[in-house]
Amino acid sequence: MNDEEAKRILEALLLVTDKTLLIEQAGEVLGAGVDPADVRRLLNELAQQYAQENRRIRIQEVAEGFEYNTDPELASYVLKLTRRVRSVRLTKPSLETLAIIAYRQPMTRIEIEQVRGVDVGGVLDTLGKLNLIRVVGRKETVGRPILYGTTRDFLDHFGLKNLEDLPSLEELKAGLVPTLEIPNDSQTAAQTD
Amino acid sequence: MSYKVKLEIFEGPLDLLLHLVKQNHLEIANIPIAQITDQYLKYLELMQALDLEIAGEFLVMAATLMQIKSRQLLPPETLTPEEKEEPDPAQELIRRLLEYQRFKQAAEVLGGMEKTRLVQFSRPTRPDGTPEQVEEFVEASLFDLLTAFSQFMQGELPRELIHEIVKDEFTVEEKINLLRRLTQEQDRVSFAELFGKAKTKMEAVAIFLALLELIRLKEISIRQSQLFGEIVIMRNTGDLEVAG
């Protein structure tokens with residue numbers, strides 16, 4: 001099978017898959033002996049092709065796979081047809097707790113509380129119910145406390161490719177990522193100095 | 001007062017300190033502990049006067065601040081050898097604040113990514129719901145609210161002791177109903193407009209507690225048009241699920 005053929009198959013898989021086409025799944029469909037790195041390369045090529053052709057449907061790498069999605073600029077039209085949309089927006093305490101876990105995982109509840117300075121029991125429950133965090137093991141210390149880590153749904157929720165895709169804390173420290181600037185949001189950007 | 005509003009769903013002591021740093025345009029690295037300690041304690045007093053249930057963490061932090069403050073007042077030679085060997089509590093606090101601030105920044109960036117993600121539509125299997133209206137507002141913190149409230153209380157109202165509120169001339173329940181009605185009638189209610197209705201401080205406190213309770217119940221949210229700008233109160237639309 002040559003690359004073009006494989007891409008045609010991947011395009012079909014993207015269309016019919018439930019949400020995200022995982023690289024692993026796609027590899028299985030293409031057949032034994034296909035390197036996941038190759039699958040990823042092909043999907044990236046396909047995504048670039050779409051972008052170059054300036055199509056209004058995009059292929060985006062997200063949460064360990066690839067998905068079709070629409071241009072955010074078209075959101076208001078899409079919403080006229082369907083009201084189906086991710087419905088959860090996290091509160092500040094949830095976002096903060098999640099950020100701490102994401103960067104420092106695996107972590108125990110006590111370790112998270114040391115950073116935040118407040119009880120996080122309730123927040124952990126909520127994040128667990130939303131399947132954004134999960135128990136990844138136990139720490140081999142007194143009491144063997146539970147260790148928490150993030151899930152694939154976490155990556156999906158924020159549109160991250162993988163954990164390496166998180167904005168680097170060093171950049172945040174150096175102020176390279178303006179704190180008040182929200183991506184794709186020109187109005188609030190003006191407040192940073 | 002029968003109504004205890006729990007603060008744990010809001011922010012913690014580190015948030016209050018960062019709020020004070022921002023409010024005073026200070027740098028965390030050379031934060032004047034004595035000045036900040038006084039302001040921190042004033043907030044605690046205000047929270048106590050309002051009979052808010054203060055989490056133990058706030059009191060622990062108050063003790064730490066006072067320890068640092070007194071240590072800084074003493075000439076270094078009066079410290080015992082053990083004290084000299086301990087890590088400097090001021091440096092330790094600064095380290096924690098810087099660390100926490102970085103995670104807060106990371107959380108803001110994640111919040112922005114979440115917002116972007118909300119308007120990308122992909123193949124099905126997403127839960128049903130309605131979109132959040134995207135508005136250029138900053139979510140106000142508890143301390144922004146307390147600041148606005150204390151400024152209001154220093155205003156022109158007849159001077160009355162906060163402690164006298166206990167006589168339930170105005171009940172928090174009644175004010176909860178008032179707030180529900182107002183936020184249903186109007187898209188947004190400004191802080192000034194809401195508290196302008198109070199004729200006495202007692203009444204203002206009841207309104208304030210009602211506000212906190214409705215925030216806790218997630219019926220309303222408080223926003224600021226910009227950092228330290230005017231606070232507005234908005235009803236959370238029922239079909240939008242706001243987590244945690």
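**Exercise 1. State which share of the contacts in chain B with a separation of 6 or more comes from residues 24 or more positions apart.**

Solution. Residues 24 or more positions apart supply 76% of these contacts in chain B, a contact being two residues whose C-beta atoms, placed from the backbone, lie within 7 Å. The model is predicted: local features need pLDDT of at least 70, side-chain atom pairs count only at pLDDT 80 or more, and totals for chains, interfaces and linings use all residues. Residues are numbered from 1 along each chain as its sequence is written, and chains are lettered from A and ligands numbered from 1 in the order in which they are written.

**Exercise 2. Check the length of helix 7 of chain B and find how its buried residues are placed.**

Solution.
1. Helices are DSSP runs of H or I with at least four residues, strands are runs of E with at least two, and both are numbered from the N terminus.
2. Helix 7 (residues 172-185) of chain B has 14 residues and should span 20 Å at 1.5 Å a residue, which agrees with the 20 Å between its end C-alpha atoms; the expected span is 1.5 Å times one less than the number of residues.
3. Its buried residues (20 or more other C-beta atoms within 10 Å of their own; exposed means 12 or fewer, partly exposed in between; C-beta atoms placed from the backbone) are Val172(B), Lys175(B), Ile176(B), Leu179(B) and Thr183(B).
4. Down the helix axis these fall within an arc of 105 degrees, so they line one face; the arc is that of the directions from the axis to the C-beta atoms.
5. On the other side, Asn177(B), Arg181(B), Gln184(B) and Glu185(B) are exposed.
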